[in-house]
Amino acid sequence: MSDQLSITQDSFGSILARAFRSRSFVIGFILTAIVALMAGISFFWTPYDVTKLIVSDRMQPPSAAHWFGTDHFGRDNFSMIMVGARNSIAVALVAVGIGMGLGVPLGCWAAACGGWIDETLMRFNDLVFAFPALLSAVMITAIFGPGAINAIIAIGIFNIPVFARVARGGALSIWPREFILAARASGKGPMLITIEHVLPNIANLLLVQGTIQFALGILAEAGLSYVGLGAQPPMPSWGRMLFDAQTRMVVAPYLALFPGFAIVLTVLGLNLLGDGLSDTLDPKLRRQR
Amino acid sequence: MAAYLVKRLLVGLVTLLAASIVVFSVLEIVPGDPAQLMLGMNATPEAVAALREQLGLDLPLIWRYLSWLGGFFVLDFGRSYTYSVPVSELIAERIVVSLPLAIISLILSTAIAIPVGLFAAARRGKAADAVSMGLSQFGVAVPNFWFALILIYVFAVWLRMVPAGGFPGWSAGLWPALKALILPAIALALPQAAILARVTRQALLEVLGEDYIRTARAKGMPWRYVLWRHALRNAMIPVLTILGLQFAFLLAGTIIIENVFYLPGLGRLIFQAITQRDLIVVEGVVMLLVVAVIVVNLLVDLSYALVDPRLRSRR
């Protein structure tokens, strides 16, 4: 347990250097970087304009001019995947932000207070867990109508109890430690102790959970936009591209192939990144290997 | 144990009650008058008012909530606004598709995941472990509806072994009906199996480091017996927890998968109801799924005690 404390005193550089010795971290980092780069570049440049419909170019198989072919409106699939990456990342990232921003304070609060506050908060957690993310998304759409923002809210709400649970579990293991006792003896209140001592010590856990929820968010967003509840056309999204591909699969199977690969590689990259991070940041696990 | 059981049941009930309030109030704030919707825009105000009275929409909010909630105990979920049939009838028609689908995929995923996890844990650090865990890492990342599209292309379009979608109904015979559910079940099960296999392996690795495993091996017990009899049983608690969570995922997953395969299940029903603003159907289906999730999690909690006798006395 004592070496977990020393981790937080390691410099960021040395943690990074150690992380890059982990194979999953490196592969995950490369995959994630590629997707992030594609999304970033799409703001300035895409091979073709995704809002322009060129009917004469429709349903072209992959070629030198259109790497991933074109869809039923003559739009370039590669450009669509680049812009779709932007959408996926934005939705999943904001949803993780909502989950962390609300869940972590709630979890830390529950751990710091204990008693009935803890019990009540955890029962609220159970309540949210009883609604599968997709189901709450469907309900939210029933009220506010489909769209990227509502997809973010739906996925974000589901992230709150996840982070609350992780933060509470982590914080509960920190509170009985001697340095917390020392901090209390010096007259620090629960709020200050949480910020100064608990949070830095559970940051590892939260970071790893963050990558996992990020990956799950990408999957959930794809699912929602596939059934038409996510980003609305003409905004390209990976899930929507798969929906459009389904009816044309017999003549153009490549349409379904590339958006799917984009999702798989992104999620795979994030999961590997998370694995690599938890190996690096948790010395207890590292010793087991 | 009895005290624990009672407490767990009470918590489950309170969660259910809270969930019903959430569902009811969320759909209560949706704009639009069901009576107006059913009669169309040209209906006279008198006709709308009459229908509102008939549907009980003019009653106070709390009264409507209580009668809606009370209905659940006698399986009366109200009448559909668009079809004018009891919601319970619509649900009964659809659940015979969704429930078998969820159960088949749960069985499939368990049947794949536990042997793979066991296999990988037993050969920890060897090539077989690396390959199966690499594959599972890939499986976790595959969206089930994309996997479904690939399955349709290979087995329905290309090999023509199974239908690409639709459901003939159980009256068409067991085999044709099962045939229509095979691809959706596989599509749902495989990504879940990948997660479950990883959890099984991890749980087993932790158990295999215990003293009693060493003792069992030292007294000459065959490795295979040690694995199945001692290790797997003790590794069951995390596996059961994930299985319970997965059931919720599978139920929600059917919402999307049913759309891929055009299966007339609860998922399709909820989508139709949303597009037709048939909110009472949405409420009914959502509540049913929430009840299922809560009950399954309750069962999982209780099953811990079955798996681990130590927990029986401790609580």
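This is a predicted model: local features need pLDDT of at least 70, side-chain atom pairs count only at pLDDT 80 or more; totals for chains, interfaces and linings use all residues.
The axes of helix H5 (residues 87-122) of chain B and helix H12 (residues 266-275) of chain B come within 8 Å and cross at roughly 135 degrees, so H5(B) and H12(B) are oblique to each other. On the H5(B) side, the contact is made by Leu90(B), Ile91(B), Arg94(B), Ile95(B) and Ser98(B); H12(B) brings in Leu266(B), Gly267(B), Arg268(B), Leu269(B) and Gln272(B).

Turning to how the two chains meet, 39 residues from chain A and 40 residues from chain B take part in the contact. About 3700 Å² is buried between chain A and chain B, and carbon and sulfur atoms give 80% of that area. Within chain A, the residues that lose the most area to chain B are Leu135(A), Met139(A) and Ile143(A), together 15% of what that side buries.

As for polar links, there are four residue pairs in polar contact between the chains (both at pLDDT 80 or more). The salt bridge count is one: Asp275(A) pairs with Arg198(B), with the closest N and O atoms 3.4 Å apart. Helices H5, H6, H9, H10 and H11 of chain A each supply at least two residues of the side that touches chain B, and H11(A) gives the most, with 11 residues. That side of chain A divides into 29 nonpolar, five polar and five charged residues.

Terms used. Residues are numbered from 1 along each chain as its sequence is written. Chains are lettered from A and ligands numbered from 1 in the order in which they are written. Side-chain values use heavy atoms; hydrogens and water are left out. Contact means heavy atoms within 4.5 Å. Buried area is the accessible area (1.4 Å probe) that two parts lose on being put together, summed over both. A salt bridge is a side-chain nitrogen of Lys or Arg within 4 Å of a carboxyl oxygen of Asp or Glu. A polar contact is a pair of N or O atoms within 3.5 Å; within protein, one must be able to donate a hydrogen and the other to accept it, and residues adjacent in sequence count only if both atoms are side-chain atoms. Helices (H or I, at least four residues) and strands (E, at least two) are DSSP runs, numbered from the N terminus. Ala, Val, Leu, Ile, Met, Phe, Trp, Tyr, Cys and Pro count as nonpolar, Asp, Glu, Lys and Arg as charged, and the others, Gly among them, as polar. Axes are lines fitted to C-alpha atoms, for helices over the stretch in contact, and angles run from 0 to 180 degrees between N-to-C directions. Angles under 35 degrees count as roughly parallel, over 145 as roughly antiparallel, 65 to 115 as roughly perpendicular and the rest as oblique.
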